Amino acid sequence: MAVWDLSVTVEDLGPDALPITVSVTSDLHVGGVILKLVEKTQIKRDWSDHAFWWEQKQCWLLRTAWTLEKYEIHADAKLLFMQQHKPLYVCLPSGVTLRLRACFSSSVFKAVMGICRMLNIRHPEELSLLRPIEHKKKKKDKGSAEEVYDLTEVPLSSDSKPCLYNGMPAHFADSPQMESVYKMLSGIQPPPSPETLAKLYRPASVVDKAHIHSRWLDSSRCLLQQGIQENDKVCLRFKYFAFYEIDPKYDAVRLTQLYEQARWAILLEDIDCTEEEMMLFGALQYHISKVSLSEPQTPVSSAAMDDLDSALQFLEVKMEGESSSASEILDNLTAPDLNDYLKIFRPKKLTLNKYKQFWFKFQDTSISYFKSKEESIGEPIQQINLKGCEVAPDVNVAAQKFLIRLLVPAPEGMNEIYLRCENEQQYAQWMAACRLGSKGKTLADNSYQSEIQSIRSFLAMQKSSSNSQGNAHANDESINAHSLVSPRYHKKYKTKQLTPRILDAYQNVAQLSFTDAILRYLQIWQALPDFGISYMVVRFKGSRKDEVLGIAPNRLIRIDLSVGDVVKTWRYNNMKQWNVNWDIRQVAIEFEGNINIAFSCVTTDCKVVHEFIGGYIFMSTRSREKSNTLNEELFHKLTGGHEAL
């Protein structure tokens, strides 16, 4: 076979070094080329992390047994011999920036797994990397360099579970400096100053939010293929809002970073909430940062408790698995009755804002209403099927306002219906029932009572308690109210007006422990109507205008761009299949009932949407029995598209 020259640039020799020429034949395998190249450099060092990067084709030559002919490499190929693991600046949800070694040759999914393993974050499939938003830097800001924590010396382990020592990964227990870094990762950052908050980027519209969500990196391609170079900066964020098995004992860093992401989403108005909810978030944030100074933040566990936990977990799995059809039938027979007088109002009709009272009956996943209790034996005035509908609270405990907002799917779009409850108890029962109904569950479901409890505890926290208010004011003069709420309220209220309202809400959460307060914060965040929605600007097939597609953990939402109203909702559990035409970059989805939709993406690549849908379907396949093993192959099958195959 003919011998020909292949020129290779060795990155370690420096930017000015000339390429090295190696004599090769087409049937020589890549491993043989590496051997010849290393001999020519005459540098004795560990080359095991090095590999070839083919610049023209934008790919790594990682299969060392493949020949040059199989890779279709000819004399004109520009090969770069460099390390696969390189330093990368990673900004965490808490705003802390780390410099660590990440894998540039494997998929972003694998690189994130490596980063999470180093930081002791379980369930890395929920996170991903995105490009940071470019800020227009002012001249004054030149001197203010952010602090960076260097973790490039930490060895990358291939174990799925890091070796723990005193509750932290062993590599953080090596020195007092590393230990302090871990405490900072698992500890809460102090509330930002109002000045800092005012300077930060806040999305002003749904289009701005769509711009942020279009910056996610492709999980199935490597960093280098996406233009991320050594020492570039990326953001690590929770991408899929389907959090699995949060256990404060094992998830110190994960829980902290999740709280920080939620906190910034609320402070920067990335997610909408009512004024009462904002005051409650402010009170919880104040309480969490106050308790974090006095309470140890990393939960301590004993071996005996761990054994007990695993035994209980095993028992729970066993009991869940043994539910017989007979017991299910019995459950359905003994489902609680729910019927009562409620008031209803339809805002879409051109009528005055007037609520009318009817007798309501909840059955299976539907609500029926009648003129009176006596007439409930006959035909209802209307039956509303809740499956696939949107359920949102509209509550003000102080004003005794308990509304349930329903957006019910209809052929022409979404019908908006308001249900008004008389008191907390009635609201908690009906709200819990509506939430279950929207997921296609009946009142026989065992989560009904726990749903009622969580709604009640949320309402209890919104109640103002005037007693002991005077003491609170005396003791807490140090509170900086403008650090605890979003900038919108800085303009609306002075600090003197905000402080009493936050302290009022604080009375209801002051008894919570550090971990409970964080869990409660996350619980209220997850109950917000707009929770977990990622926005994309799309053009639906047959439409002449741009619209917004909201991708949530359990549904897709079509939103009118001009008004911001929800037009239609489709649930994943009604989805038959989805396809992407990669040539015309169009996503097509088929739902039950011969419903077909198709759209192309305006602000991002259709791969981002495809990955979100596939990712959420992957999240729904996780179960407790399989929770220790991550099915990477299935994730790439669902999210990768034709490029991954």
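Let's start with strand 22, residues 555–559. It is mostly covered: five of its five residues are buried. Buried here means under 20% relative accessible area, with a 1.4 Å probe and protein chains only. Strands are DSSP runs of E, at least two residues, numbered from the N terminus.

A word on the source. This is a predicted model, where local features need pLDDT of at least 70, side-chain atom pairs count only at pLDDT 80 or more, and totals for chains, interfaces and linings use all residues. Residues are numbered from 1 along each chain as its sequence is written, and side-chain values use heavy atoms, leaving out hydrogens and water.

Back to the strand. In a regular strand, side chains alternate between the two faces of the sheet. On one side of strand 22 sit Arg-555, Ile-557 and Ile-559; on the other, Leu-556 and Arg-558. Both faces are covered.

Now its partners. Two strands pair if DSSP finds at least two bridges between them. Strand 21, residues 547–551, runs antiparallel to strand 22, with four bridges. The two form a hairpin with three residues between them. Val-548 stands opposite Ile-559.

On to strand 23, residues 566–571. Five bridges pair it with strand 22, again antiparallel. Arg-555 faces Arg-571 here. This hairpin has six residues between the strands, and Gly-564 takes a positive phi near 85°.

Last stop: helix 6, residues 252–267. Helices are DSSP runs of H or I, at least four residues. 16 of its 16 residues are buried, so helix 6 is largely enclosed by the rest of the structure. Just after the helix, Glu-269 has a positive phi of about 55°.

Terms used: The expected span of a helix is 1.5 Å times one less than its number of residues. Buried means under 20% relative accessible area, exposed over 50%, partly exposed in between (1.4 Å probe, protein chains only).
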